[in-house]
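Colleague: Could you take me through one part of this model closely, element by element, and state the cut-off behind each term as you go?

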Amino acid sequence: MIFGGSTIWGTGSADRNSIPSLIQKKINENLSEKIKVINYGFTTVTINQQINLLRTVALDSNDLVIFYDGGNDIFQSMVNENSDGSIIGYNQKNKLDIYIQSVKFFLSNNSYTYRLLSSIRSNANKSSSSHCDESDQNKSKKLMEKGFDSYMSNIKLARSYVQSKDAKFIHFLQPSLFYKDLKYSEYEINIINNSPLGVNKCKIYQQRVQQGYKYYSDKYKNSLNDDGLYNLVNSLNSVKNEQEYYLDNLHISSAGKIIVADRIFEE
């Protein structure tokens with residue numbers, strides 16, 4: 001049983017190339033046991049919502065529960081500033097702002113005039129953006145610390161719940177374009193520069209998500225002694241033949257999903 005957000009649900013590929021489907025294929029080809037893989041992924045969910053869904057599912061001692069997440073949780077903590085809430089809840093409270101931001105994002109990618117006007121305005125407001133970045137660092141640090149503590153607490157809560165049902169629990173911290181060791185391609189740079197992170201124009205949001213991924217990954221490494229925790233943040237770094245795996249800052253192509261599915265199957 002695999003729980004996660006849209007990356008598990010399958011955004012960016014046909015169902016046959018979703019991560020759970022690819023794991024099912026690996027099981028069918030390599031194992032003699034009859035094992036059924038169930039996809040419990042759902043767009044925008046955070047780990048606390050995954051736990052709520054998990055509690056509605058009947059578990060027995062033969063079951064294996066996999067949590068594959070991190071991206072939505074970092075976004076919820078660092079951008080929406082509420083590690084215990086949900087992206088869905090935030091969107092419902094801010095419908096108008098979200099709609100306006102979506103329209104602006106569409107125009108920024110489809111209207112030369114809009115890009116030109118935005119560029120002129122950005123240059124005029126450059127000093128205010130810089131001030132915003134500098135004055136928000138302490139708040140960003142607190143959000144990272146609180147968000148990570150909440151995230152790890154939920155991982156341990158999920159594991160304890162699954163183990164109380166005599167089932168097995170494994171957790172994977174998912175990869176993101178915002179945390180990559182190798183050089184970015186021109187396409188990837190374009191994704192980062194045009195990624196709509198929240199309704200506020202302050203660039204601190206992008207910095208927060210980038211810093212958040214590094215913080216979560218580094219802190220998560222210290223928790224790897226705990227059985228069943230695997231850090232996949234750098235799993236798509238080894239680009240072969242200039243292969244680009246990211247469709248946006250979080251969703252990955254079918255080629256990227258094959259690599260992730262193989263890694264999960266190995267563990």
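Colleague: Which residues of helix 12 are buried, and which residues does L250 touch?

Modeller: This is a predicted model, in which local features need pLDDT of at least 70 and side-chain atom pairs count only at pLDDT 80 or more, while totals for chains, interfaces and linings use all residues. Residues are numbered from 1 along each chain as its sequence is written, and side-chain values use heavy atoms, with hydrogens and water left out.

Among contacts (heavy atoms within 4.5 Å) between residues at least 6 apart in sequence, 76% join residues at least 24 apart.

Helix 12 covers residues 254-266. Its 13 residues should span 18 Å at 1.5 Å a residue, and its end C-alpha atoms are 18 Å apart, which agrees; the expected span is 1.5 Å times one less than the number of residues. The buried residues of helix 12 are G256, K257, V260, A261 and I264. Seen down the axis of helix 12, these buried residues fall within an arc of 130 degrees, so they line one face of the helix, the arc being that of the directions from the helix axis to the C-beta atoms.

The buried residues of helix 12 pack against helix 1 (6-9), helix 2 (19-30), strand 2 (64-69) and strand 3 (168-173). For one of these partners the geometry can be given in detail: helix 2 and helix 12 pack at an angle of about 55 degrees, with their axes 9 Å apart. That makes helix 2 oblique to helix 12, on a scale where angles under 35 degrees count as roughly parallel, over 145 as roughly antiparallel, 65 to 115 as roughly perpendicular and the rest as oblique. The axes are lines fitted to C-alpha atoms, for helices over the stretch in contact, and the angles run from 0 to 180 degrees between N-to-C directions. Helix 2 passes helix 12 in a right-handed crossing; a crossing is left-handed if the near helix is turned anticlockwise from the far one by less than a right angle, and right-handed if clockwise. On the helix 2 side, I19, L22, I23, K26, I27 and N30 take part, and they meet K257, I258, V260, A261, D262, I264 and F265 in helix 12.

Turning to the loop, L250 sits between strand 4 (229-231) and helix 12, and L250 is buried, with a relative accessible area of 11%. Not counting residues up to four places away in sequence, L250 touches T7, G71, N72, Q174, P175, S176 and Y213. With T7, the separation along the chain is 243 residues, yet the C-alpha atoms of L250 and T7 are separated by 7.8 Å.

One of the residues that L250 touches, Y213, is also among the buried residues of helix 11, which include R208, V209, G212 and Y216. Helix 11 (residues 204-221) has 18 residues and reaches 25 Å from its first C-alpha to its last, close to the 26 Å expected at 1.5 Å a residue. Helix 11 packs with helix 9 at an angle of about 45 degrees, with their axes 10 Å apart, and the two are therefore oblique to each other. Helix 9 passes helix 11 in a right-handed crossing, and the residues that meet there include L143, M144, G147 and Y151 in helix 9 and R208, G212 and Y216 in helix 11.

Helix 9 has a further partner in helix 4: their axes come within 9 Å and cross at roughly 140 degrees. That makes helix 4 oblique to helix 9, again in a right-handed crossing. Here D73, S77 and M78 in helix 4 meet S140, L143, M144, G147 and Y151 in helix 9.

Notes
Helices (H or I, at least four residues) and strands (E, at least two) are DSSP runs, numbered from the N terminus. Buried means under 20% relative accessible area, exposed over 50%, partly exposed in between (1.4 Å probe, protein chains only).
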